[in-house]
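Here is a friendly walk through one protein chain. Please keep the sequence and the 3D view side by side as you read.

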Amino acid sequence: MITVLVADDQAMIRAGFAALISAQPDLQVVGEAADGLEAVTAARDLRPDVVLMDVRMPHLDGLEATRRIAGAGGSKVLILTTFDIDDYVYAALRGGASGFLLKDAPPADLITAVRVIAAGEALLAPSVTRRLIEEFATRQPIDEREALRLNALTPRELDVLRLVAAGLANAEIAGELTIAEETVKSHVGRIFTKLGLRDRAQAVMLAYESGLVVPGNPSPAARRGSRLRS
């Protein structure tokens with residue numbers, strides 16, 4: 001059973017999301033929050049697998065609430081907002097969010113997103129593609145501290161990280177590198193452990209910020225990939 005906390009300052013929206021999630025046999029709503037501070041407290045007390053987080057809320061906005069929840073570890077955060085391509089996306093991912101979905105997405109997409117993020121993967125709304133991350137990454141200078149962290153990885157792990165950042169699924173990475181999918185999963189797990197990453201969203205951000213992946217100059221494999229899921 002995947003447990004979910006719904007955080008939104010509008011009661012009707014909270015009720016709608018809660019009803020949709022509760023109708024699924026493998027999902028359970030364990031709590032609701034009307035502002036960012038309530039969300040942080042509820043996440044600490046209830047320890048849900050996934051937190052659905054609105055961006056604009058009173059007392060503490062969703063971005064700061066996400067940073068606090070992600071920093072505490074345990075719960076994964078899925079940002080739900082009416083905003084599309086703007087600084088909220090980059091700030092949310094940088095703050096530790098595992099995904100970003102627009103509130104007007106089809107209900108089936110929301111349910112899928114919760115399951116995907118609970119499984120430790122990353123997810124972006126269809127309109128928020130890899131190009132968006134590249135756009136924001138070009139505004140940031142290379143972080144030398146992040147680049148130094150990559151010294152912990154083997155050459156093969158660096159290859160895998162580049163393809164993860166390109167949006168390729170594990171099966172696609174396996175085909176690109178001519179290795180077994182289980183081997184790819186093992187590499188991804190070691191990358192996360194060595195770099196202290198929670199999921200693929202954080203891996204993508206580090207790949208761009210460290211300069212491992214150059215925005216606007218994807219490899220042939222990157223051009224074939226377009227999602228941040230495995």
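## The chain as a whole

Of the contacts in the chain with a separation of 6 or more, 71% are between residues 24 or more positions apart; contact here means heavy atoms within 4.5 Å. This is a predicted model, in which local features need pLDDT of at least 70 and side-chain atom pairs count only at pLDDT 80 or more, while totals for chains, interfaces and linings use all residues. Residues are numbered from 1 along each chain as its sequence is written, and side-chain values use heavy atoms, with hydrogens and water left out.

The chain has 12 helices and 6 strands. Both are DSSP runs numbered from the N terminus, with helices being H or I of at least four residues and strands being E of at least two. Among the 230 residues, 50% count as buried; buried means under 20% relative accessible area, exposed over 50%, and partly exposed in between (1.4 Å probe, protein chains only).

The average pLDDT of the chain is 83, and 81% of the residues score at least 70; pLDDT is the predictor's confidence in each residue, from 0 to 100. Residues 220–230 have a pLDDT below 50, yet this stretch has 40 contacts in the model beyond near neighbours in sequence. Where pLDDT is low, the predicted coordinates should not be read in detail.

## Two nonpolar cores

A nonpolar core is a set of buried Ala, Val, Leu, Ile, Met, Phe, Trp, Tyr and Cys residues joined through side-chain atoms within 4.5 Å. The largest one holds 26 residues, and L150, L161, I173, I191 and L195 touch the most other members. At least two residues of this core come from each of helix 8 (155–165), helix 9 (170–177), helix 10 (181–195) and helix 11 (200–209). Helix 8 gives the most, with 6 residues.

Which residues does L150 contact, leaving aside its neighbours within four places in sequence? They are L158, L161, L195, L206, S210 and L212. There is also a second, separate core of 25 residues, and A33, I79, V89 and A201 are included in it.

## Helix 10, face by face

Helix 10 has 15 residues, which at 1.5 Å a residue should span 21 Å; the end C-alpha atoms are 21 Å apart, in agreement. That expected span is 1.5 Å times one less than the number of residues. V184, H187, V188, I191, F192 and L195 are the buried residues of helix 10. Seen down the helix axis, they fall within an arc of 135°, so they line one face of helix 10; the arc is that of the directions from the helix axis to the C-beta atoms.

Helix 7 (144–149), helix 8, helix 9 and helix 11 are included in what covers these buried residues. On the other side of helix 10, E182 and T193 are exposed. After helix 10 comes G196, with a positive phi near 70°.

## Helix 8

The buried residues of helix 8 are E157, L158, V160, L161, L163, V164 and A165. For A165, the relative accessible area is 0%. A165 and Q202 are 37 residues apart in sequence, with their C-alpha atoms 9.6 Å apart in space. Helix 8 is followed by G167, whose phi is positive and near 95°.

Beyond neighbours within four places in sequence, T66 contacts M53, V77, I79, A92, G95, G96 and A97. A72 also has its place in helix 3, but A72 is exposed, with a relative accessible area of 66%. The C-alpha atoms of A72 and A43 are 9.4 Å apart, while the two residues are 29 apart in sequence.

R47, in the loop between helix 2 (36–46) and strand 3 (50–54), has a positive phi near 50° and is not a glycine. R47 counts as exposed, at 59% relative accessibility. H59, in the loop between strand 3 and helix 3 (62–72), has a positive phi of about 70° although H59 is not a glycine. H59 is exposed too, with a relative accessible area of 67%.
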